[in-house]
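Biologist: I am new to this structure, and I would like to ask how each description of it is reached. Could you take me through it with the definitions beside the values?

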Amino acid sequence: MQKITTFESYLSSLHTIKTVRSYVYYVDVFLLRNPKSNKMQYQEILEYINHMKVNGCSQSQVNLTLAAIKKYFDYLVHTGKRIDHPCKGIK
């Protein structure tokens, strides 16, 4: 199994460059707003998503952000930085 060293390279092994750029952008915004995001739990992620909705983000932007955040937590689990995936069940 190949060792994945960065989130972007992890995404590159799964998605097109356009999707990778999009996910990296949304995760960067998420990380800027939530510096301790790697420790967030289900409820905190729901609150972040709800905050986006309340503050006028479009449904497509919310959906893209959630998809990107899910991939970020997939990456953290894949690299052993987390043992759980707090938002896998959020739709």
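Modeller: Let us begin with burial: a residue is called buried under 20% relative accessible area, exposed over 50%, and partly exposed in between, with a 1.4 Å probe and protein chains only. At 17% relative accessibility, Val-24 therefore counts as buried. Please keep in mind that this is a predicted model, in which local features need pLDDT of at least 70 and side-chain atom pairs count only at pLDDT 80 or more, while totals for chains, interfaces and linings use all residues. Residues are numbered from 1 along each chain as its sequence is written, and side-chain values use heavy atoms, with hydrogens and water left out.

Biologist: How many helices and strands does the protein have, and how are they defined?

Modeller: Helices are DSSP runs of H or I with at least four residues, strands are DSSP runs of E with at least two, and both are numbered from the N terminus. By that rule the protein has four helices and zero strands, and the order from the N terminus on is α-α-α-α. The radius of gyration of the protein is 13 Å, close to the 12 Å that the globule rule gives for 91 residues, so the protein is as compact as a globular protein of that length. That radius is taken over C-alpha atoms, and the globule rule is 2.2 Å times the number of residues to the power 0.38. Along the principal axes, the C-alpha atoms fill a box of roughly 40 × 30 × 25 Å, and buried residues make up 36% of the 91 residues.

Biologist: What makes the length of helix α2 agree with its number of residues?

Modeller: The expected span of a helix is 1.5 Å times one less than its number of residues. For the 17 residues of helix α2 (residues 17–33) this should give 24 Å, and the end C-alpha atoms are 24 Å apart, which agrees. Helix α4, with 20 residues, reaches 28 Å from its first C-alpha to its last, close to the 28 Å expected.

Biologist: Which elements do the buried residues of α2 pack against?

Modeller: Contact means heavy atoms within 4.5 Å, and in these terms the buried residues of α2 pack against α1 (7–12), α3 (42–54) and α4 (59–78). The buried residues of α2 are Val-20, Tyr-23, Val-24, Tyr-26, Val-27, Val-29 and Phe-30. Leaving aside neighbours within four places in sequence, Val-24 is in contact with Phe-7, Glu-8 and Leu-11. In α4, the buried residues include Val-62, Leu-66, Tyr-72 and Phe-73, and what covers the buried residues of α4 includes α1, α2 and α3. Just after α4, Gly-80 takes a positive phi of about 85°.

Biologist: How do you know whether Ser-37 is buried or exposed?

Modeller: Ser-37 lies in the loop between α2 and α3, and its relative accessible area is 1%, which is under the 20% limit, so Ser-37 is buried. Neighbours within four places in sequence aside, Ser-37 is in contact with Phe-30, Leu-31, Tyr-72, Phe-73 and Arg-82.

Biologist: Why is Tyr-42 called partly exposed?

Modeller: Tyr-42, which lies in helix α3, has a relative accessible area of 41%, and this value falls between the 20% and 50% limits, so Tyr-42 is partly exposed. Not counting residues up to four places away in sequence, Tyr-42 touches Pro-86 and Ile-90.

Biologist: What, then, makes Ile-90 buried?

Modeller: Ile-90 is found in the segment after α4, and its relative accessible area is 6%, under the 20% limit, so Ile-90 is buried. The C-alpha atoms of Ile-90 and Tyr-42, 48 residues apart along the chain, are separated by 8.4 Å. With neighbours within four places in sequence left aside, Ile-90 is in contact with Tyr-42, Ile-45, Leu-46, Leu-66 and Lys-70.

Biologist: What share of the contacts in the protein between residues at least 6 apart in sequence join residues at least 24 apart?

Modeller: Among those contacts, 54% join residues at least 24 apart.
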